[in-house]
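Morning, everyone. Please have a look at the model on the screen, and I'll talk you through a few places in it.

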Amino acid sequence: MKTKGTHSFSARRIGAAATIVFALVVSSLPSAFAAGEVLGKTCKDEGVSTGTSSSSLICKASGNGKLTWQRVRLGSSYGAPVKASTPPKGSIEFWHYRPEDKAHFEKIITAYEATYPGTKITQVIKTTTDYNATARVQILANPKAALFASARGSIFNDFVNSGLALDISGQRFVKQNLVSKGLTAGTVGGKVLAVPYHYLFNNPVYNTEIWAKEKWAFPKNLTQWTAWCKDAKAKGYVPLAWPGATRGQAAQISNSALMNSAASYGDLVKNLEDLNSGKIDLTSSWFKGVADIYVKLRGAGCFPDNPTGVTEAAAYNLFSTGKSPILPTGTFSMGSIKTLNPALTGKMQLMSMVLTDGKVVAEGIMNNTFNLSVNAKSKSTDQRIALSFLSYLSTGPVAALYATATTQHVNVLNVDYSSNVDLLNTSSFQGKNTMLAPRFLILNTSVSDLTQDALIQIVGGKNVDDVLADFSKQIKQKLAG
């Protein structure tokens, strides 16, 4: 079997730590190093890594400029990964928003409780929409919710601003068990306030069998995307299984629309910061350009009929039954798709969604999310249990169980993905020039939600100028309030 890994290049930083573009150059290598992959020996392809292991090697330029195999420091230190800490006896609640992971976490929790008798973890699970709307307030009133999840961006920011996230920077497992660059989305002011457990890609998932059957070429720009949509629709498909009725999933495509909407990543960051603060609104020429992408996709028939009425479940059904060749969400959806149709195992891949005919800044989206935080308002005993369970989740064997069961890449060292063909297939996307999902840079929840709602209304057929003006007024009112 083969494994694929992440390299250790320094990411280009612009502004806050959360604003990063990753240009990864990674290829697949045998889990046991092949001939020639020897520390200090010459190598050919810069960026090639032997995996996300504490003993990984990377091909990079040495002091004399020659490419050699060098030791990777994927963690925050060179220390070997540590075992889970021993918890005190007691019970806590683990709050999260992934119902599809309930059974998998239950198996992990059962094993954890067997290892540490007298310690109990209870899952409290909501849908993403319900969680984002209600969980923060409920957790504030419930210190037994000692471990909780939040999505990167405005939701995580709201939890942090409420004083709910404990600083876990000093924990050994944080320094030695986790991929350090993957901690960026959980780090605020230099403090690690959450472990982003997922390393995922917010790019369209496509059905490889349908793609091969139709002999389609991959669209490389906006013009080619609209042409492909017209062709796919003419052949009886719903081109994009877009869940317009589920804001969080409908919004995934906005990452692709945003990523090449400005001349540089720095310009995009500034635009999003200005939108977040109210310096510009949705009627700006830049955002009108983003909205125009949706108009062109809508005009080409890319979206389902009655697009704003399509739920996440309905979109998944369209893709899993072969009625749609593309699910424009991301790798995190593949586990649910395989549950609906096991025959699609090994038959899903990722594709770039470049929605510009101009300069390409990035060709894909990556994200570190499912931020796991310890409740700063919980009792110290409950915090120790939460830290113990989080450190348990951050061990290679346990993370591998979760990753392969859920089809989720994770931010944990020494994880073997070889038993999940879909993780292996999509790991190759780490070799793309990917951007850290930009939509999460809109940290004000109201601004983020209203921005996405405006785009959803445009897909639904509403007049663009009217929608942008109306939602700009709503955003201005929210910011003033």
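I'll take a helix, then a pocket, then a pair of rings. Keep in mind that this is a predicted model.

Start with helix H8, residues 252–259. Is it buried or exposed? Eight of its eight residues are buried, so the rest of the structure largely encloses this helix. What covers them?

Now the largest pocket. Its volume is about 1,200 Å³. How many residues line it? The count is 48. Nearest the centre lie Tyr97, Thr128, Gly248, Gln249 and Glu312. Sort the lining by class, and you get 23 polar, 16 nonpolar and nine charged residues. Which helix gives the largest share of the lining? That is H12, residues 334–340, with five residues.

Last stop, the aromatic rings. Searching the whole structure turns up 24 aromatic pairs. One of them is Phe389 with Tyr392. Their ring centres are 6.4 Å apart, and the planes sit at 20 degrees to each other. That pair is stacked, because planes under 30 degrees apart count as stacked. Where are the two residues? Both lie in helix H13, residues 380–393. They are three residues apart, about one turn of the helix. In an α-helix there are 3.6 residues a turn, so residues three or four places apart point the same way. Phe389 and Tyr392 are both buried.

That's my tour. Thank you.

Key. Residues numbered from 1 in each chain as written. Predicted model: local features only at pLDDT ≥ 70, side-chain atom pairs only at ≥ 80, totals over all residues. Heavy atoms only, no water. Phe/Tyr/Trp six-rings, centres within 6.5 Å; stacked < 30°, edge-to-face > 60°. Helix = DSSP H or I, 4+ residues; strand = E, 2+ residues; numbered from the N terminus. Buried < 20%, exposed > 50% of the residue type's maximum accessible area, 1.4 Å probe, protein only. 1 Å grid on protein atoms, 1.4 Å probe; cavity = no way out; pocket = protein on both sides within 12 Å on 5 of 7 lines; lining within 4 Å. Points joined across faces, edges and corners; volume = space filled by probe spheres on them. Nonpolar A, V, L, I, M, F, W, Y, C, P; charged D, E, K, R; others polar.
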